[in-house]
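Here is a friendly walk through one protein model, meant to be read with the structure open beside you. Please have a look at the chain before moving on.

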Amino acid sequence: MLIVDDEELFRAGLRMVLDAAEDVDVVGECTAAGVPEAVAGSAPDVVLLDIRMPDRDGLAVLGDLKSRQDAPAVLMLTSFDTDAYVARALRAGADGFLLKDSDPAYLVWAVRAAAAGGSALSPSVARAVVEGYASSMEGNGPAPARPPADPGDRVAQLTPREREVLALLGDGLSNREIASELYLSPGTVKEHVSTVLAKLGTDNRVRAAVIAWQSGLTGATASLAPHPS
(Lines give C-alpha, C1' and ligand atoms only; values in the text may rest on other atoms or scores of the structure.)
Protein backbone atom coordinates (compact mmCIF):
# COMPACT_ATOMS: atom_id res chain seq x y z
CA MET A 1 0.00 0.00 0.00
CA LEU A 2 0.99 3.65 -0.54
CA ILE A 3 0.61 6.54 1.94
CA VAL A 4 -0.02 10.01 0.47
CA ASP A 5 0.05 13.04 2.77
CA ASP A 6 1.82 16.39 2.79
CA GLU A 7 3.10 15.98 6.39
CA GLU A 8 6.22 13.81 6.61
CA LEU A 9 5.83 13.19 10.35
CA PHE A 10 2.23 12.03 9.91
CA ARG A 11 3.24 9.69 7.09
CA ALA A 12 5.94 8.22 9.29
CA GLY A 13 3.42 7.60 12.07
CA LEU A 14 1.02 5.83 9.72
CA ARG A 15 3.86 3.73 8.37
CA MET A 16 4.88 2.61 11.87
CA VAL A 17 1.30 1.48 12.61
CA LEU A 18 0.86 -0.35 9.32
CA ASP A 19 4.33 -1.91 9.22
CA ALA A 20 3.51 -3.56 12.55
CA ALA A 21 0.78 -5.60 10.82
CA GLU A 22 2.32 -8.75 9.33
CA ASP A 23 -0.05 -8.87 6.37
CA VAL A 24 0.25 -5.18 5.36
CA ASP A 25 3.14 -4.17 3.10
CA VAL A 26 3.78 -0.42 2.86
CA VAL A 27 5.51 0.04 -0.49
CA GLY A 28 6.04 3.77 -0.18
CA GLU A 29 4.98 7.19 1.06
CA CYS A 30 4.92 10.54 -0.71
CA THR A 31 3.22 13.89 -1.19
CA ALA A 32 0.61 14.42 -3.91
CA ALA A 33 3.29 15.45 -6.40
CA GLY A 34 5.05 12.11 -6.03
CA VAL A 35 2.01 9.92 -6.65
CA PRO A 36 2.49 9.23 -10.40
CA GLU A 37 6.05 7.99 -9.92
CA ALA A 38 5.21 6.04 -6.74
CA VAL A 39 2.21 4.28 -8.30
CA ALA A 40 4.09 3.47 -11.51
CA GLY A 41 6.98 2.04 -9.54
CA SER A 42 5.13 -0.01 -6.92
CA ALA A 43 1.56 -0.64 -8.21
CA PRO A 44 -0.07 -0.51 -4.73
CA ASP A 45 -3.35 -2.34 -4.08
CA VAL A 46 -4.46 0.33 -1.59
CA VAL A 47 -3.70 4.05 -1.32
CA LEU A 48 -4.23 6.07 1.86
CA LEU A 49 -4.83 9.57 0.49
CA ASP A 50 -5.18 12.87 2.35
CA ILE A 51 -8.30 14.62 1.08
CA ARG A 52 -6.76 18.11 1.30
CA MET A 53 -3.12 18.90 0.51
CA PRO A 54 -1.38 22.16 -0.39
CA ASP A 55 0.66 20.99 -3.40
CA ARG A 56 -2.27 19.26 -5.14
CA ASP A 57 -5.87 18.67 -4.17
CA GLY A 58 -6.57 15.13 -2.96
CA LEU A 59 -9.70 14.93 -5.11
CA ALA A 60 -7.63 15.55 -8.23
CA VAL A 61 -5.23 12.80 -7.18
CA LEU A 62 -8.20 10.50 -6.53
CA GLY A 63 -9.51 11.17 -10.04
CA ASP A 64 -6.13 10.31 -11.55
CA LEU A 65 -5.89 7.08 -9.56
CA LYS A 66 -9.41 5.94 -10.46
CA SER A 67 -8.82 6.65 -14.15
CA ARG A 68 -6.05 4.05 -14.26
CA GLN A 69 -6.80 0.65 -15.78
CA ASP A 70 -5.26 -0.95 -12.69
CA ALA A 71 -6.92 1.48 -10.25
CA PRO A 72 -6.11 0.76 -6.61
CA ALA A 73 -8.58 0.97 -3.74
CA VAL A 74 -8.39 4.48 -2.26
CA LEU A 75 -9.12 5.33 1.38
CA MET A 76 -9.47 9.07 1.95
CA LEU A 77 -7.95 10.59 5.09
CA THR A 78 -9.66 13.63 6.60
CA SER A 79 -9.24 15.68 9.76
CA PHE A 80 -12.92 16.51 10.11
CA ASP A 81 -16.05 14.35 10.19
CA THR A 82 -18.03 17.11 8.44
CA ASP A 83 -15.56 17.64 5.60
CA ALA A 84 -17.37 19.28 2.67
CA TYR A 85 -15.23 17.26 0.26
CA VAL A 86 -16.68 13.94 1.41
CA ALA A 87 -19.63 13.79 -1.02
CA ARG A 88 -17.41 14.81 -3.94
CA ALA A 89 -14.84 12.16 -3.07
CA LEU A 90 -17.61 9.58 -2.80
CA ARG A 91 -18.86 10.37 -6.29
CA ALA A 92 -15.27 10.30 -7.59
CA GLY A 93 -14.92 6.66 -6.51
CA ALA A 94 -13.38 6.71 -3.02
CA ASP A 95 -13.50 3.28 -1.38
CA GLY A 96 -13.65 4.60 2.18
CA PHE A 97 -13.13 7.51 4.55
CA LEU A 98 -11.04 7.58 7.72
CA LEU A 99 -10.40 10.31 10.25
CA LYS A 100 -6.71 11.02 10.77
CA ASP A 101 -7.11 10.27 14.48
CA SER A 102 -8.65 6.84 13.84
CA ASP A 103 -7.74 4.07 16.26
CA PRO A 104 -4.63 2.21 14.95
CA ALA A 105 -6.45 -1.15 15.03
CA TYR A 106 -9.28 0.32 12.96
CA LEU A 107 -6.80 1.76 10.46
CA VAL A 108 -5.24 -1.66 9.91
CA TRP A 109 -8.69 -3.25 9.61
CA ALA A 110 -9.75 -0.64 7.03
CA VAL A 111 -6.68 -1.29 4.87
CA ARG A 112 -7.32 -5.04 5.00
CA ALA A 113 -10.99 -4.51 4.10
CA ALA A 114 -10.12 -2.29 1.13
CA ALA A 115 -7.47 -4.73 -0.11
CA ALA A 116 -10.07 -7.52 0.01
CA GLY A 117 -12.53 -5.49 -2.06
CA GLY A 118 -14.63 -4.19 0.82
CA SER A 119 -15.29 -0.64 1.96
CA ALA A 120 -14.50 1.23 5.15
CA LEU A 121 -16.04 4.23 6.87
CA SER A 122 -14.65 5.52 10.15
CA PRO A 123 -17.54 5.35 12.69
CA SER A 124 -17.45 9.09 13.41
CA VAL A 125 -17.38 10.04 9.73
CA ALA A 126 -20.05 7.60 8.52
CA ARG A 127 -23.00 9.90 9.20
CA ALA A 128 -21.26 12.82 7.49
CA VAL A 129 -20.73 10.64 4.41
CA VAL A 130 -24.37 9.52 4.32
CA GLU A 131 -25.86 12.94 5.03
CA GLY A 132 -23.46 14.76 2.70
CA TYR A 133 -24.22 12.46 -0.19
CA ALA A 134 -27.96 12.54 0.50
CA SER A 135 -27.84 16.35 0.59
CA SER A 136 -26.13 16.52 -2.78
CA MET A 137 -28.72 14.15 -4.23
CA GLU A 138 -31.50 16.43 -2.97
CA GLY A 139 -29.99 19.52 -4.55
CA ASN A 140 -28.55 21.02 -1.36
CA GLY A 141 -24.91 20.48 -2.26
CA PRO A 142 -22.64 20.09 -5.28
CA ALA A 143 -24.57 18.61 -8.19
CA PRO A 144 -24.17 14.87 -8.75
CA ALA A 145 -22.51 13.72 -11.94
CA ARG A 146 -25.94 12.75 -13.26
CA PRO A 147 -29.51 13.05 -11.90
CA PRO A 148 -30.03 9.94 -9.76
CA ALA A 149 -33.21 7.92 -9.53
CA ASP A 150 -34.90 7.65 -6.15
CA PRO A 151 -32.91 5.13 -4.04
CA GLY A 152 -36.12 3.33 -3.07
CA ASP A 153 -37.03 2.83 -6.73
CA ARG A 154 -33.63 1.39 -7.49
CA VAL A 155 -33.70 -0.98 -4.51
CA ALA A 156 -37.19 -2.14 -5.54
CA GLN A 157 -35.63 -3.54 -8.73
CA LEU A 158 -33.50 -5.95 -6.71
CA THR A 159 -34.40 -9.56 -6.05
CA PRO A 160 -34.58 -10.73 -2.40
CA ARG A 161 -31.09 -12.26 -2.71
CA GLU A 162 -29.71 -9.06 -4.22
CA ARG A 163 -31.17 -7.07 -1.32
CA GLU A 164 -29.36 -9.42 1.07
CA VAL A 165 -26.13 -8.76 -0.80
CA LEU A 166 -26.74 -4.99 -0.71
CA ALA A 167 -27.36 -5.09 3.04
CA LEU A 168 -24.02 -6.84 3.54
CA LEU A 169 -22.32 -4.33 1.25
CA GLY A 170 -23.75 -1.72 3.61
CA ASP A 171 -21.92 -3.47 6.43
CA GLY A 172 -18.64 -3.06 4.52
CA LEU A 173 -18.13 -6.76 3.81
CA SER A 174 -15.88 -7.98 1.01
CA ASN A 175 -17.13 -10.47 -1.59
CA ARG A 176 -15.45 -13.33 0.25
CA GLU A 177 -17.07 -12.33 3.53
CA ILE A 178 -20.48 -12.03 1.86
CA ALA A 179 -19.97 -15.50 0.36
CA SER A 180 -19.27 -16.90 3.82
CA GLU A 181 -22.29 -15.13 5.33
CA LEU A 182 -24.72 -16.32 2.63
CA TYR A 183 -23.13 -19.75 2.01
CA LEU A 184 -22.45 -18.92 -1.63
CA SER A 185 -19.36 -19.26 -3.79
CA PRO A 186 -17.19 -16.14 -4.23
CA GLY A 187 -17.89 -16.27 -7.97
CA THR A 188 -21.64 -16.22 -7.40
CA VAL A 189 -21.31 -13.30 -5.01
CA LYS A 190 -19.19 -11.40 -7.52
CA GLU A 191 -21.97 -11.80 -10.08
CA HIS A 192 -24.61 -10.66 -7.56
CA VAL A 193 -22.54 -7.61 -6.59
CA SER A 194 -22.04 -6.62 -10.23
CA THR A 195 -25.79 -6.91 -10.85
CA VAL A 196 -26.64 -4.93 -7.70
CA LEU A 197 -24.27 -2.10 -8.60
CA ALA A 198 -25.61 -2.01 -12.17
CA LYS A 199 -29.22 -1.82 -10.99
CA LEU A 200 -28.30 0.93 -8.52
CA GLY A 201 -26.57 2.90 -11.24
CA THR A 202 -23.16 2.99 -9.57
CA ASP A 203 -19.82 1.22 -9.74
CA ASN A 204 -18.79 2.15 -6.20
CA ARG A 205 -19.38 -0.03 -3.12
CA VAL A 206 -19.43 2.91 -0.70
CA ARG A 207 -22.21 4.59 -2.67
CA ALA A 208 -24.08 1.28 -2.61
CA ALA A 209 -23.62 1.23 1.17
CA VAL A 210 -25.12 4.72 1.38
CA ILE A 211 -28.15 3.56 -0.63
CA ALA A 212 -28.49 0.51 1.65
CA TRP A 213 -28.61 2.80 4.68
CA GLN A 214 -31.04 5.26 3.06
CA SER A 215 -33.34 2.38 2.16
CA GLY A 216 -33.37 0.91 5.66
CA LEU A 217 -31.49 -2.26 4.75
CA THR A 218 -28.91 -1.60 7.47
CA GLY A 219 -29.94 -0.99 11.04
CA ALA A 220 -28.05 2.26 11.63
CA THR A 221 -25.31 4.42 10.23
CA ALA A 222 -22.87 2.64 12.50
CA SER A 223 -23.41 -0.51 10.48
CA LEU A 224 -21.54 1.18 7.64
CA ALA A 225 -18.47 1.17 9.84
CA PRO A 226 -18.07 -2.20 11.60
CA HIS A 227 -15.31 -2.10 14.20
CA PRO A 228 -12.68 -4.81 13.96
CA SER A 229 -12.99 -7.57 16.53
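## Strand 5 and its partners

Met76 has Phe97 of strand 5 as its bridge partner; strands here are DSSP E runs of at least two residues, helices are H or I runs of at least four, and both are numbered from the N terminus. Strand 4 and strand 5 run parallel and share four bridges, where pairing requires that DSSP finds at least two bridges between two strands. On the strand 6 side, Phe97 stands opposite Leu121, and strand 5 (residues 96–99) joins strand 6 in the parallel sense over two bridges.

Strand 5 is covered on both faces: Gly96 and Leu98 are buried on one side, Phe97 and Leu99 on the other. Buried means under 20% relative accessible area, exposed means over 50%, and partly exposed falls in between, with a 1.4 Å probe and protein chains only.

## Model and overall fold

This is a predicted model, in which local features need pLDDT of at least 70 and side-chain atom pairs count only at pLDDT 80 or more, while totals for chains, interfaces and linings use all residues. Residues are numbered from 1 along each chain as its sequence is written, and side-chain values use heavy atoms, with hydrogens and water left out.

The chain holds 11 helices and six strands. Its open six-stranded sheet has the order 2-1-3-4-5-6 with parallel pairing. At the edges sit strand 2 (28–30) and strand 6 (120–121), each of which pairs on one side only. Of the chain's 229 residues, 49% count as buried. Among contacts (heavy atoms within 4.5 Å) with a separation of 6 or more, 65% link residues 24 or more positions apart.

## The nonpolar cores

Which residues touch the most other members of the largest nonpolar core? They are Val4, Leu49, Leu62, Leu65, Met76, Ala89 and Phe97, out of 25 residues in that core. Strand 1 (2–4), helix 2 (35–42), strand 3 (46–50), helix 3 (58–66), strand 4 (73–78), helix 4 (86–91) and helix 11 (205–214) each supply at least two of its residues. Helix 3 gives the most, with four residues. A nonpolar core, by the way, is a set of buried Ala, Val, Leu, Ile, Met, Phe, Trp, Tyr and Cys residues joined through side-chain atoms within 4.5 Å.

Leaving aside neighbours within four places in sequence, Leu62 is in contact with Leu49, Val74, Met76, Ala89, Ala92 and Ala94. Another core, of 23 residues, lies apart from the largest one and includes Val24, Leu77, Trp109 and Ala110.

## Helix 11

Ala212 belongs to helix 11. Is Ala212 buried or exposed? Ala212 counts as buried because its relative accessible area is 0%. Ala212 and Leu168 lie 44 residues apart in sequence, with 8.8 Å between their C-alpha atoms.

## The largest pocket

The largest pocket has 21 lining residues, and those closest to its centre are Lys66, Asp95, Gly117, Asp203 and Arg205. Helix 10 contributes the largest share of the lining, four residues. For pockets, a 1 Å grid is laid over the protein atoms alone and a 1.4 Å probe is used; a pocket is an open set of points with protein on both sides within 12 Å along at least five of seven lines, and lining residues have an atom within 4 Å of a point.
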